[in-house]
Amino acid sequence: MNPTNTTRAYLRQLRNPATIVTLVLALVAHAAAYGADPVSLVDETTPWRVHLTAGPNLVRNDDGEFEFSRTRHSPEEFRRLPRDRRLPPAGWTDEDFDDFHWPQYQPEELDDFIGGYGSWLMDGGHVWLTTLSLRTRFGIADPSRVEDLKLTVTCLGGAVVYVNGVEVGRGYMPDGELHPVTPADDYPSEAYVDEYDEALPRVDIGEQPEEEWKDRYEKRIRTFTVDIPSDVLREGSNVLAVDLRRAPATGPFDEQWDHVGFREIKLTGRGDGVIAYNSAVGETRITTLPAQQQVAQTLPDQSLIQRGWFWTMYWARGMPVQGVSVPNPFDPPRPVRMPTPRNGTGSGQVVISDPEGLSEISAELAGDLTGPDGARIPSGAVDIRYAVQRDEPHYADALMPNPPDDASVLPVWLLVDVPSDAAPGWYTADLNVAANGQDFRVPVEVLVTGFEMPGPRDFQHTSVVLTQSPKSVALYYDVEPWSEEHWRLLEPSLELLGQLGNDAVTVPVILSNFPVAGRPHPPGRSGNQLRWRQPMVQWVDNDGNLEPDFSILERFLDMYEKHAGMPQALSLWVWDPPSSPELARAYEGQQEAGFEHDASEPVLVEVLDPETGEIEHREVPAFLDDGAEDFWKPFFDDVRDLVTDRGWDEEIIMLGLGSDIRPGKETGELLREWAPYARWDILSHFSGDPGSHHYDGNDYTREQLEKGRLIALGDLEVGVKRWPHTGSGLGADGIEEMLESPLEYLKVPTIRWRHQRWSPPHLFRTIPQLTGRFGHMGLDFWMPSDEGPSTRTFFSHINALTAPGPDGAEPTLRLRMLREGVQDMELRMAIVRMYMDLPEDERQPYRDLLDDLPDYINWSRAYMSQHELSYDYQDYIARIQQAAAELAGVESDAEWDQPPSK
C-alpha cells in the first residue's frame, strides 16, 4: 500500500538525519548567546528513558568469587530465585536503537526512588536492582564549535557512558570487555559498617543518615567525569546512553541495600556549538509519545512514595511515575501508530507543549484513513480528545472533547473505532494540530488486523463490574434526583459502562446505615461497602400498606440495556449488618454460620408521596422480624416478574451485600423460601469459607465447587464473588483452565494490591490480564467522601474512572486503558479457544506468545513495574491480534514491524 504524499514527505524527513539539523539550527542563536560560559545540555529537567532490571543479589564470597546471595534462603528456596531477566535488548546503547516505548522519568524521581544511600526495592530478599539503563537526547548545533563537553555521573555502583553508540568513558567499572551482567567495583567495608564493625542502620528513601556516620554512607555515592570528544557528536539530536551497573555485595551485609542507583547526571559544555536544554524547550512543540507514557501538566509537589517504599510497591505494583511535563525537544518526530482488530478499538497520543502556555488549540484528521486498494475508515470513526489534568490523579487523565484554556502541555488522543467490515492492512492519514498560531502535521498509521471482535456486550470471557452512582451525578450537577435533567446526565455514564462490557447492576433498595459526622461506626461494619443513600426502589403508602414503585428501576434498566445489554447480575442491596439480628462470620479462623446480634440500626426505605413528590424515610421489618415475609416476599416476586418480563433470566437476581460479616444461616433459609432463584452478592476475603485452607467444616460443598458453584459459610449460594485477589498474569495454562472449567457464578476480584491513585495509566490496561476479571471500582463517584458517595475502601482505591463534563461523564485515560485491556484479554482467550482445535504440537507457539506477558507483569518475585513499562506492549498486542487473525483464517500481508513509514 502506498502512503499519502504528505506521509511520504514525512517519511523522507525520518530517513534523513539532516532534517533534525534543520529543526534545531534555529537554536544556534540561543547557543551563541552563551559565549564562553558553560551551559547545561542535560540538566535536572531533562527526562530519561529508563529500563530497569531486577534479580537476585550478587555477592563476592570469601574466595573472591561471585555467587547469588543465600543468607536468607534455604537451598530449595534459592533454586526458585529468579535469574537476572529482562535485560535491556542488545544494542540498546546504539544511536538508532528504538527506545520509543521505554518509560520516561524525571531525574528527581529517579533519585527519589532508586537513589538515596541505597534503596531497598526487594521482595523478601529475593529481588534487587541489577542494572539501570538510561537514554536521553541532547542538541548540538555544530560539533566543530563545541568546547569542554563534560558528563558528570553521580550514582551507586558504576557506569559506562555512550554517545551515539560509542563508548566515551566508564567509572568504577573493570577494564576490558563487559558482559551484560558484569558488576561494578566493590565497595569498601566502611560503606557497610560503623566504627565497631556493626551494620549501619538502614536509611529509607527520602531519609537522611545519622550525622555521626554520614561520611560512611557517603562512600556509597560515587562520582566521575567523562570528557566527550567532538568526533562522536552529530549536528542536531545526539543520543546519550548511561549503563548503570550494580556492585557486588560483600561480607555478611549482602542484603542491606541496593548496590546500583541514580543520583544525578549532568552534561555541560562551552562554545557556540552547544545548545542549552532550557532554551530548546522554550518553544511551541509537538511530540509523539507511546500510549503507556503518562503526561503531567503540573508535576507533583511531593514524592509519590506513600507511607514508605514498601507500601508504595505493595499497593501499586511498582515504582510510581510522575510523568513527563515537557517532552525532550531533541526526540525525533514519529507517526502515531496503533494496531486495532476489526470491530475493535485503539488509541495513540501526541503532545503539544509550550512553557509559556498554549492557545488557539485545534486538532483534526485530514480526511479519512486510507487503506489497501482504496479502502477507507471514515474520519468520523476517530474521536479526538484532549487529556486534562484534574486534582486527581497527578497526570493528564480526563479525556475531554474540547481543549482547556490554561494548558502549557496537552496530550491529544486519537481514539479509533475500526468498522467490522474494514479490510485488514495499514491505513494512513494526517493529523493536523494547531497551537499558538503554528500548524503541525503528524502521520497516523493504523494496522487493522483480521480478527473480528464481538461487541463488548457479547464478550464471553472477561468479567467487569464497575459501580455507577446516580447519587453522585445528581449531587455534582445539583439537579433533582430522577428529574429529566438527571436522567439526561446519567446516560453518558451508562454508555461508558457499555463500552467495557459491564456485567452487573447494583440496585440500592434500603438506605445503608453508614457512619456520618457525629455518629460512630456502626457495629458489624467492616467499611467495605459503597456509600449508597439513594435507593432505586421507592414505596408508596396505599392505605397503610407499603407497595413498591419500580418506575425508577425500570427506567434505569431500560437505559442500561440500551447500552450494555442484559446484565449477568442484578444485585438488590437489601441487607445491612447493623440492621440484622443474626449474623454469620467467615474470616480466616472465624467460622460462625450464625450468631445473635443486637441490631443497632433500623431498616429504612424511601416512601414517596405521589401527590406532593415528597420523600420520607420509613422503618420496615428486618428479615427475621415479625411481618417480614408479608413485606419482602411480594417485593421479590415483583422483581422476578420485572426481570422475566424483559426476557431476562431470573437467575441474574442477587441479594446483597454480604461481607466477612454476612447473613446468618436462618436468614439464608428464609430467603431461599421467599426467592429460591436468588443468590448472594458477597464482598469478602472468603478465607473462612468452604474451599479455603482455614475451613474445617463439612466437605459436601467441595462437590459444588467442582461443578462451578460456590456455597459460602451459612449455606449462602454465591452469585457474585467479590474478593481482594491480586493475580499475577494469566498465561496459557490459566486461560485454558478458565475455558475448560466455567463458573456458574460471577467472579470479581478487586485487584486492590495492583492499582492506586498514583498508578500509571498503562497499569490499568494490564489489570484485565491478571485474572481476566476485575471490579469494585467506582465509575463516577466524583464527590468527596464527606459530601457524597464513596468507593474508596480497603478493598478499592478508585472512586471514579470518568470525569464530569458539561453534559455528564466523560472517559478518563484510565478507563480507556481498561477498555483496551478487556479487548486484549478477550483476544488472548479467543486464541486459546481456537487453538484447542489444533493438534498438540501446533499449539505451542501460541502458548509461548500468551506466556510472554505474565513475565512482565508478574509481581510475585518483583514488585517493580519497570518490566512492563519498558516492554513494547504495542508490539505484543499486534502479535496477539495477528495470531488471532491467523487462527481465524484471515490472511493479510501487512505486518506490524513493516509500517508504511519504513
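Modeller: Definitions come before counts. Helices are DSSP runs of H or I with at least four residues, strands are runs of E with at least two, and both are numbered from the N terminus. On that basis the protein has 22 helices and 42 strands. The model is predicted, so local features need pLDDT of at least 70 and side-chain atom pairs count only at pLDDT 80 or more, while totals for chains, interfaces and linings use all residues. Residues are numbered from 1 along each chain as its sequence is written, and side-chain values use heavy atoms, with hydrogens and water left out.

Of the 902 residues, 61% are buried. Buried means under 20% relative accessible area, exposed means over 50%, and partly exposed is in between, with a 1.4 Å probe and protein chains only. A contact is a pair of heavy atoms within 4.5 Å. Among contacts with a separation of 6 or more, 79% join residues 24 or more positions apart.

Now the close look, at helix α18. Two packed helices are described by the angle between their axes and the distance between the axes. Axes are lines fitted to C-alpha atoms, for helices over the stretch in contact, and angles run from 0 to 180 degrees between N-to-C directions.

Start with α19. Helix α18 covers residues 813-835 and helix α19 covers residues 840-852. Their axes come within 10 Å and cross at roughly 165 degrees. The two helices are therefore roughly antiparallel to each other. The scale runs as follows: under 35 degrees is roughly parallel, over 145 roughly antiparallel, 65 to 115 roughly perpendicular, and the rest oblique. α18 passes α19 in a left-handed crossing. Left-handed means that the near helix is turned anticlockwise from the far one by less than a right angle; clockwise would be right-handed. The residues that meet are R828, I831, V832 and Y835 in α18 and R843, Y846, R847 and L850 in α19. By class, that contact holds five nonpolar, no polar and three charged residues. Here Ala, Val, Leu, Ile, Met, Phe, Trp, Tyr, Cys and Pro are nonpolar, Asp, Glu, Lys and Arg are charged, and the others, Gly among them, are polar.

Next, α22. This helix spans residues 873-887 and packs with α18 at an angle of about 35 degrees, with the axes 9 Å apart. The crossing of α18 past α22 is left-handed. α18 brings Q823, D824, L827, R828, I831, M834 and Y835 to the contact. From α22 come Y873, Y876, I877, I880, Q881, A883, A884 and L887. The class count is eleven nonpolar, two polar and two charged. R828, I831 and Y835 of α18 take part in both contacts.

D478 follows α9 with a positive phi, near 55 degrees.

Helix α5 (residues 107-114) shows a one-sided pattern. Its buried residues are P107, E109, L110, F113 and I114. Seen down the axis of α5, they fall within an arc of 165 degrees, so they line one face of the helix. The arc is that of the directions from the helix axis to the C-beta atoms. G116 follows α5, and its phi is positive, near 60 degrees.

Q322 lies in the loop between α8 (309-316) and β15 (336-342). Its relative accessible area is 6%, so Q322 is buried. Its contacts beyond four places in sequence include E109 and L304, along with H394.

Now some backbone geometry. E392 and P393 are joined by a cis peptide bond, with omega about 0 degrees. P393 sits in the loop between β20 (382-389) and β21 (396-400). Another cis peptide bond joins G656 and L657, with omega about 5 degrees. L657 is in strand β34 (residues 653-658).
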